[in-house]
Every structure is written in structure tokens, then in C-alpha cells.
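Subject: Handover of a structure and findings

Dear colleague,

Please find below the structure that I am handing over to you.

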Amino acid sequence: MIPIDAFDLKILGALQDDGRLTNQELAEIAGLSASQCSRRRMRLEEEKVIAGYHADLSSEALGFGVIAFIQVGLATHSPDNSKRFRTLVNRIDEIQEAYSLTGDADYVLKAVLRDLKGLSNLVNDVLMPHQSVAHVRSSIVLDRLKESSKLPLKDLKPG
């Protein structure tokens, strides 16, 4: 972890809210000159504190009406089998997030799909037939209560 001061926290907080801010706009928020702000932003990017910039697309507006969480149990727990599963997951665009877990399931996947047929295809035609997979259980999201990729910067102490 790199040292972060109060100015860096203001910059990071502002960029979490709006990644399109210019250096001048960011400088005004942080209370710095534009050149100081630019240098700090570049350092945060170089240190990978700022991992990237992207457009936040609306899945609903683009016709992706189904979000599902899919629990996967592996057939065997060998390194090769885990690698095969990771390779599979990384080539499926519908899978937005994948996590290795403790507990009953080996992995949980978050998938976004156009409809229930898309979920059925993903589960029955892609995941279940794969040699690394033993069982799959899916849950369909009924209502999204909160969605955020923002980090709780208030919990960081400048220093």
C-alpha cells in the first residue's frame, strides 16, 4: 500500500464519483493547483491505485434483463481442474465477476444475461458439460437493492 494523504483521498473520492473530471475541476475539489493535481493523479495511476477508467453502462437499457448468481462445485480439487475452470470463466463475457469461496460452493459467479434462455444456455450448455464442473446452482436476482464499485475511502487514514 502506498502512502495516501488527504489531498489524494479528495482526488480519489472525486474520481469515484465522476471519472471524467478534468485536472482543473479535480484541482478545485482537492484544493490544489492543476499541475499539482495532475502529478498526483499520474502517481496514483502509475502506482495502480487508480486501476483504470470506464463508462458505466446500463444493463437494463441495453436489454440485459437477468442477473444471476451461480454457485459452482468442482468435480475434483486439483490445480489442473481449477485452472481449466478459471480458463472457462475468463472466456465467457456474460460472467462479470467470479470468486473462489470457502464453504459449500467452490466458486460463485455473477452473470448478466438478456433473458432466462440465456441463463439456461450458460448453465446447461456451457457450465454443466465442462469436465471441471460437478454441480451448479443458480439464483436469479429479483431486485437490485444496491450496486456500487466505490471503495469506502472514509475508512482510510491519511498518512
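This is a predicted model: local features need pLDDT of at least 70, side-chain atom pairs count only at pLDDT 80 or more; totals for chains, interfaces and linings use all residues.

Phe85 is buried, with a relative accessible area of 1%. Leaving out residues up to four places away in sequence, Phe85 touches Val72, Leu74, Tyr107, Leu109, Leu127, His130, Ser132 and Val133.

The nonpolar cores

Phe85 also belongs to the largest nonpolar core, which has 20 residues; those that touch the most other members are Ile70, Val72, Phe85, Leu109, Leu122, Leu127 and Val136. Two or more residues each are given to this core by strand 1 (66–74), helix 4 (79–90), strand 3 (107–113), helix 5 (116–127) and strand 4 (133–140). Which element supplies the largest share of this core? It is strand 1, with 5 residues. Apart from this core lies another, of 16 residues, including Ile4, Ala14, Leu26 and Ala30. In soluble globular proteins, nonpolar side chains tend to be buried together.

Is strand 3 largely enclosed or open? Strand 3 is largely enclosed by the rest of the structure, because 7 of its 7 residues are buried. Both of its faces are covered: Tyr107, Leu109, Ala111 and Leu113 are buried on one side, and Val108, Lys110 and Val112 on the other. In a regular strand the side chains alternate between the two faces of the sheet.

Strand 3 pairs with strand 1 in the antiparallel sense, over 7 bridges. Within that pairing, Lys110 of strand 3 is the bridge partner of Phe69. Strand 3 also pairs with strand 2 (residues 95–100), again in the antiparallel sense, over 5 bridges.

The segment at residues 4–65

The UniProt record, an unreviewed entry, places the feature "domain: HTH asnC-type" at residues 4–65. In the model this span is 53% helix and 0% strand, and its end C-alpha atoms lie 40 Å apart.

Leu9 lies in helix 1 (residues 6–17). With a relative accessibility of 15%, Leu9 counts as buried. Beyond its neighbours within four places in sequence, Leu9 is in contact with Ile4, Leu153, Leu156 and Pro158. Pro158 is 149 residues from Leu9 in sequence, yet the two C-alpha atoms are 7.6 Å apart. Lys154, in the segment after strand 4, is 145 residues from Leu9 in sequence and 8.5 Å from it in space, C-alpha to C-alpha.

Lys48, in the loop between helix 3 (34–46) and strand 1, has a positive phi of about 65° although it is not a glycine. Most residues other than glycine have a negative phi. Lys48 counts as exposed, at 64% relative accessibility. Arg114, for its part, lies over the face of Phe64, at 5.5 Å from the ring centre.

With kind regards

Conventions: Residues are numbered from 1 along each chain as its sequence is written. Side-chain values use heavy atoms; hydrogens and water are left out. A nonpolar core is a set of buried Ala, Val, Leu, Ile, Met, Phe, Trp, Tyr and Cys residues joined through side-chain atoms within 4.5 Å. Buried means under 20% relative accessible area, exposed over 50%, partly exposed in between (1.4 Å probe, protein chains only). Helices (H or I, at least four residues) and strands (E, at least two) are DSSP runs, numbered from the N terminus. Contact means heavy atoms within 4.5 Å. Two strands pair if DSSP finds at least two bridges between them. UniProt positions are given in the numbering used here, feature names are shortened, and annotations may be inferred rather than shown by experiment. A charge sits over a ring if NZ of Lys or CZ of Arg is within 6 Å of the ring centre and within 35 degrees of the ring normal.
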